[in-house]
Amino acid sequence: LPDDWSQQSCDGGVFMEDFSHSLGDEPPPFDRADPLAPCPDVAERHKLYCYLQIADNLVRGYAYDWTRVARACRSAESDYWGDICYQSVGRQASGNNYGNPQAVADLCGEAGRRGLDECVYGAVRDMVSNAAGAAPARAFCPLVPARSTNRCYEGAGTIIATLAELRARKAALL
């Protein structure tokens, strides 16, 4: 594909379809001995979107046992990839509890001290992106533990800034 955006979007789509089987295909069998598979084994340039989607596979494999889902992120090959895995858990928690910020905050609590900030970051980015606005962050961020509040607003800000840039580009075209 011709550019980074296209390549990353393709990666995201490949792993999304692999883990969530929305096209009707059966997902690969879940391997409890290697719950983050195939992420540790894919080429470095594909790891980001693999780990950003891995929670789709984890919740299916662990039957929505969020403690086990979060625990799987601790087995990542590095702290960096573990953090991305926790962001995926946050995105999944948000998607499974749309409109219920307290439930999302509670599920991020399952990520423990190590994963809490990144779970919150992934959750709020999903909420703000889906709403195309800041309202979900205003409801969610006050519910997270104080130590994660800054990371929550940081995550919201990354999406809000992108939305503002897109709106400015659109206005310039009109």
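Visitor: How far does H8 reach from its first C-alpha to its last?
Guide: Keep in mind that this is a predicted model. H8 has 25 residues, and 36 Å is expected for it at 1.5 Å a residue. The reach in the model is close to that expectation, at 36 Å.

Visitor: Are H6 and H8 roughly parallel or roughly antiparallel?
Guide: Helix H6 (residues 112-131) and helix H8 (residues 149-173) pack with their axes 8 Å apart, at an angle of about 30 degrees. Angles under 35 degrees count as roughly parallel. So H6, relative to H8, is roughly parallel.

Visitor: Which residues of H8 make the contact with H6, and how do the residues of the contact divide by class?
Guide: H6 passes H8 in a right-handed crossing. From H8 come Arg151, Cys152, Glu154, Gly155, Ala156, Thr158, Ile159, Ile160 and Leu163, while the H6 side includes Tyr121, Val124 and Val128. By class, the contact of H6 with H8 divides into 9 nonpolar, 3 polar and 5 charged.

Visitor: What about H4: how far apart are its end C-alpha atoms?
Guide: H4 has 18 residues, which at 1.5 Å a residue should span 26 Å. The model agrees with that, because its end C-alpha atoms for H4 are apart by 25 Å.

Visitor: What covers the buried residues of H4?
Guide: The buried residues of H4 include Trp81, Ile84, Cys85, Ser88, Val89 and Gln92. Their cover includes H2, helix H3 (66-73), helix H5 (101-109), H6 and H8.

Visitor: Are H2 and H4 roughly parallel or oblique to each other?
Guide: Helix H2 (residues 44-61) and helix H4 (residues 79-96) have axes 8 Å apart and pack at an angle of about 45 degrees. Only angles under 35 degrees count as roughly parallel. H2 and H4 are therefore oblique.

Visitor: How many nonpolar, polar and charged residues does the contact of H2 with H4 have?
Guide: The crossing of H2 and H4 is right-handed. Among the residues that meet there are Leu48, Tyr51 and Leu52 in H2, and Trp81, Ile84 and Arg91 in H4. By class, the contact of H2 with H4 has 12 nonpolar, 4 polar and 4 charged residues.

How values were computed. Residues are numbered from 1 along each chain as its sequence is written. This is a predicted model: local features need pLDDT of at least 70, side-chain atom pairs count only at pLDDT 80 or more; totals for chains, interfaces and linings use all residues. Side-chain values use heavy atoms; hydrogens and water are left out. Axes are lines fitted to C-alpha atoms, for helices over the stretch in contact, and angles run from 0 to 180 degrees between N-to-C directions. Helices (H or I, at least four residues) and strands (E, at least two) are DSSP runs, numbered from the N terminus. Angles under 35 degrees count as roughly parallel, over 145 as roughly antiparallel, 65 to 115 as roughly perpendicular and the rest as oblique. A crossing is left-handed if the near helix is turned anticlockwise from the far one by less than a right angle, and right-handed if clockwise. Contact means heavy atoms within 4.5 Å. Ala, Val, Leu, Ile, Met, Phe, Trp, Tyr, Cys and Pro count as nonpolar, Asp, Glu, Lys and Arg as charged, and the others, Gly among them, as polar. The expected span of a helix is 1.5 Å times one less than its number of residues. Buried means under 20% relative accessible area, exposed over 50%, partly exposed in between (1.4 Å probe, protein chains only).
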